[in-house]
Amino acid sequence: MTDLTKQVFAPRALISGDLLQVFYRLIAALLICLALTFLSESFLTLANVLNVLRQASLLFFIASGLTLVVLTAGLDLSVGANVALSACLAGTVIHQTGSPVLGVFVALATGAVIGLLNGLMVTALRIPSFIATYGMLWVLHGLTYWYMAGEIIHGFPAGFRQIGSGYLFGLPIPVYLMLIFLGIGTMFAQRTTWGQEIYAIGANPVAARLSGIPLSRRLLLVYAVSGTMAGLASIIFLARLNSAEADVGESLTLPAIAAVLIGGTSLFGGVGTVFGTFVGALILTLVLNGMNLLSVNASWQPLVTGVIVILAVWLDKATRRGE
Amino acid sequence: MSTVISLHEPSRLNAPAPPLLELRKISKAFPGVRALDEVSFGVWPGEVHMLLGENGAGKSTLMKILCGAYRADAGEFFHGGEKVTINSSLDAKRLGIAVIFQEFSLVPYLNIAQNIFLGREPKGRIPGTIDRRKLNRDAQRVLESIGFDIDPTVTVATLGVAQQQMVEIAKAVSQNARVLVMDEPTAALSDRETELLFDLIRRLKADGVAIIYISHRMAEVFALGDRITVLRDGRRMGEVHPAETTPDELVRMMVGRNVDMSYPRHFAENPGEVLLEVKGLSAPTGISDINLVVRAGEIVGLCGLVGSGRTEVVRAIFGADPASAGQIIFGGRGKSGGPDEAARLGLALIPESRKSEGLAPARTVGDNLVVCALHKLFPSGLFEPRRVQRVSSDLIEKLRIATPSARQAVALLSGGNQQKVVIGKWLAAGARLFIFDEPTRGIDVGAKAEIFALIDRLVADGAAALMISSEQAEICHVCDRAYVMREGRIAGELSRTELTEENIVRLGMHHG
Amino acid sequence: MGEADLAVTANPLQRIPGVAIVLLLLIAVFGVLAPGFVSAANIANVLVQSTLLLMLSLPMTLIIMTEGLDLSMGAVLTLTSLMVAIVSVATGSMVLGFAAAVAVGLAFGIANGCLIAVLGIPPFVATLGTLGVAQGLALIVSDGQSVVGIPQSVSEIYSATLLGVPVPIVLAVLAFLIFHGLLYHTRFGTYVFALGGNREALTYAGLSPTRLLIGVYALGGAMAGVAGLLMTARMNAGHPTAGLGFEFDAIAAVAVGGTSFERGNGWLGGAALGVLAVGVLRNGLNLMALPSSIQVASVGALVIFALFFDGLRSRS
């Protein structure tokens, strides 16, 4: 009898296999650092290193939530626009009420609501995730630009600004936050039942459902998390830039996807780690930083990111041979 | 089956003319597997040559070699006595060989004519265009020649499975196929459609077409075949005449030992409490007013022809498909939700397609074994890999799953062991009622016995089983009683004493 | 997969296309709410402006039929319109500018096709990547500035009329007829159905899905070049970011028009109606003095609504 399934992939071995993949990527990051040290004398300065770490953390916040979505073989293209809208709404609230706490709450809530809406489109309306979130991207983009009407919100309380610009023992605060969320993210993915269910869904959604995993609820969860993390990122943006305008963070969607893919998470679902995304964010930031240091025209950045995304996916496909 | 017409013809073994197509000592190996080992085989025009063999015997490899998808490692091909090569699908086509696979090669939103002539469209006046009128006319002619009365401009997506198969055959005929290879063509057909197919085969035979027919259904093999070749482990075990053999002997050739079809079974003398009660269940998937009962300690069979709704019933019970009416009572409590509720309550579903619905092939044995039991094993939500290792080692031992370790990817296990993993994951979840949908499909005979022994043990320990199987013999040997379905409804229930293959077939077939 | 998966209404004529309903609804709504909507001048305006989108939506229909997507079309459009501007300004020739645009568009189309068909990269990722590349190139080539001084031979394309019919509309009708003929009367078009519906069928028939797929995306790139000419003619300038986002409208038009994203079921007529629907939506909102940001949001909502609506119908 002919085998009717096309779902069987070459086995990606065990947990140690995943660790190996991340290890290779760490080596890659170190090699890039080495190369940049030779190519530019301003690379290995304290200011630059801290800058790289801070940039990477901004990218990581968005990419970490996105990792969970990609693990289920989905995609969230709306994250950048999510950051923009959340930042603008939160910025307005902080400005008008003077309360950073309220602002944080609004940012997280906005991100979460957007995430839930994405999740509902995917689970209840059965719209493929890349189309649903792509549509959401434009809806959010439009709403944000309309809401801001070309204006910029400027000037937040000093205490709030510490979140983005402050230092603790010489390291930027966002870096600590990044490490905290790296820990939380890894714990969630590898050491909770929900994380295991997410991996199961990515590996075979039909079998996962028939094994009693509540598919819709878990998918809603991952999209909500992705949205909330975008909301979180928007807070850091506000704190760092000390301003909010309609295009804050919008251009980060492609780099976030790149970070997730470079980190070894497969677009086809079921494979990948949050730690991998962390390394991916570092690698991408290092590359873009290097381009800056070497005075490459900033217009090349989307181009290079695009090429990196293509290469990362190709690598993923090439190492995942169908049986 | 009483409706099948015998299409017996005199033996060709002594015919003076060379075979239309002959394979001599064809071998093909894949890494680690000898798929075909010096297989010799020949067909004459106008004969139906049955090809029998277990899964892994080499039938599908042989088919793929015949149609040029695979290249043989060694051996020779002869066409009408002359040596030829089959290295590509073009070679196969030139020799007039056409294979009808189970996955049809049709394009859903093109019409019949376009599908028949895909790649060979008649040219229009402007280069690159198609003469659509000629296309339709040519298609009409082909359809008429095989007795298929349908408008060639109908979109293929609107056709049923049987009709699509006819289109596939029309396609082969239009390519002047003189050797037709068919892989379980009646698997998804109703009785009437099977009759029509046999009519067509008779026509093709009269036309001199040779048909290589792969089937698992003994009734067909004996009714339709002119000669029977049995493959086992890539080797040809023998070639016989239907009149000179029996089903048992064929099975022996396929399996290599006298198969005792009676699996060890301890029938429930006093069945326990009612575990599952289904009342008036209907669903948009095509079932209506289903009533059945399963008690602890029983194996209840669910039989009927393909398409009678058996899978739909179990999916509705499990919650995989929504129901439109009726009640499902499990363990005394009503059930109305989806698979997550079913799993929580203690229902288990072992689906028909292991790899696409029962397992995550890329994940490890351990991961697959605990996937249903995550919340039971880790109620706090915190996941411990070490506990997984312990639980899976236990299950591997208990079920005798042949795997080097729990960290092996499930895809690498054999069919029988994969099925054990599927059963094992529900054991880990503490299921009390196991629903099996064709549990031994695609599993070799040795492993089959193990699976049934396992089910027997489960049920002896107080669980219950509801089992779908298309092998009436299995049902009769293993089940305490059985329900027979017909066209989406329960046609009747057979008790242990009434449970015979004849009764199953009688109830399952259309009256008059 | 059972028969239920393949069940399609046997009589397609009985199904009034959802897009027609949507279009009529939009016309009705804006006829009431938007001042000046129902005037000959405005209707002519909508039709002419929609021609640009049609040039993109026609090839996008084919691409979506192959279960693919081209997110780079807007960025490529920006680049090709810049090519028209730059080359025509430098040489004074509309023809050379047009040729340059089509050449660049074709190059990106072939690149997309190779990434997707040869390297096997999922379409939305591959075209997301080439989007970045095209966007970057547009900025570099234009130095971030608009290109002005467009020769009249170019801007005439948009404003001239042929026998009283505006040239863009003539071009649009021509393009539609060509694509219609291509899809339903040529071998290439027949194979496009197979690319989405059953790619193996092509291999069994001895054809090359890879080459065909590259062809489909190349066609998209070339049409982006044609659209580039129209856009530069319309704006009478080349702008570094003008075309960005057009791919979304094109995808929206195709989706609203009833082409499904799976299994090779496409309808060019529907895409054309979808183009009109998007055009009417934008025009109506414009007349109601709502900014383009709200327009974009509305198109997004329209796509979601159309997909949901279509999903409901195919499930009933």
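Tutor: In this predicted model, chain B contains an open sheet of four strands, whose order is 12-11-14-15 and whose pairing is antiparallel. Its edges are strand 12 (287–295) and strand 15 (333–334) of chain B, each of which pairs on one side only. One residue pairing can be named here: B:Phe330 has B:Arg333, in strand 15 of chain B, as its bridge partner.

Antiparallel pairing also occurs elsewhere in chain B. Strand 1 of chain B (residues 21–30) runs antiparallel to strand 4 of chain B (residues 74–79), and five bridges join the two. Within this pair, B:Leu21 is placed opposite B:His79 of strand 4. Strand 4 of chain B also pairs with strand 5 of chain B (residues 82–84), again in the antiparallel sense, over three bridges. B:Phe77 has B:Val84 of strand 5 as its bridge partner. Strands 4 and 5 of chain B form a hairpin with two residues between them, and B:Gly80 in the turn has a positive phi of about 60°.

A positive phi is also found at residues other than glycine. B:Glu487 has a value of about 50° although it is not a glycine; its place is the loop between strand 19 (481–486) and strand 20 (489–494) of chain B. B:Glu487 counts as partly exposed because it has 16 C-beta neighbours inside 10 Å. In chain A, A:Ser295 has a positive phi near 55°, and this residue belongs to the loop between helix 12 (274–293) and helix 13 of chain A. A:Ser295 has 8 C-beta neighbours inside 10 Å and therefore counts as exposed.

Chain A as a whole has 13 helices and four strands. Its radius of gyration is 20 Å, which agrees with the value near 20 Å that a compact globule of 323 residues would have. Along the principal axes, the C-alpha atoms of chain A fill a box of roughly 70 × 50 × 35 Å. Of its 323 residues, 56% count as buried. Among contacts in chain A with a separation of 6 or more, 79% link residues 24 or more positions apart.

Chain A also touches two other chains. Its contact with chain B takes 30 residues from chain A and 40 residues from chain B. On the chain A side, helix 8 (193–203) and helix 9 (205–210) are the elements that give two or more residues, and helix 8 gives the most, with seven residues. By class, this side has 14 nonpolar, 11 polar and five charged residues.

Towards chain C, 32 residues of chain A are in contact with 34 residues of chain C. Here the elements of chain A that give two or more residues are helix 5 (129–148) and helix 13 (300–318). Helix 5 of chain A gives the most, with 12 residues. The side of chain A that touches chain C has 23 nonpolar, seven polar and two charged residues.

Technical notes: Residues numbered from 1 in each chain as written. Chains lettered and ligands numbered in written order. Predicted model: local features only at pLDDT ≥ 70, side-chain atom pairs only at ≥ 80, totals over all residues. Contact = placed C-beta atoms within 7 Å. Nonpolar A, V, L, I, M, F, W, Y, C, P; charged D, E, K, R; others polar. Pairing = 2+ DSSP bridges. Buried ≥ 20, exposed ≤ 12 C-beta atoms within 10 Å, placed from the backbone. Rg over C-alpha atoms; globule rule 2.2 N^0.38 Å.
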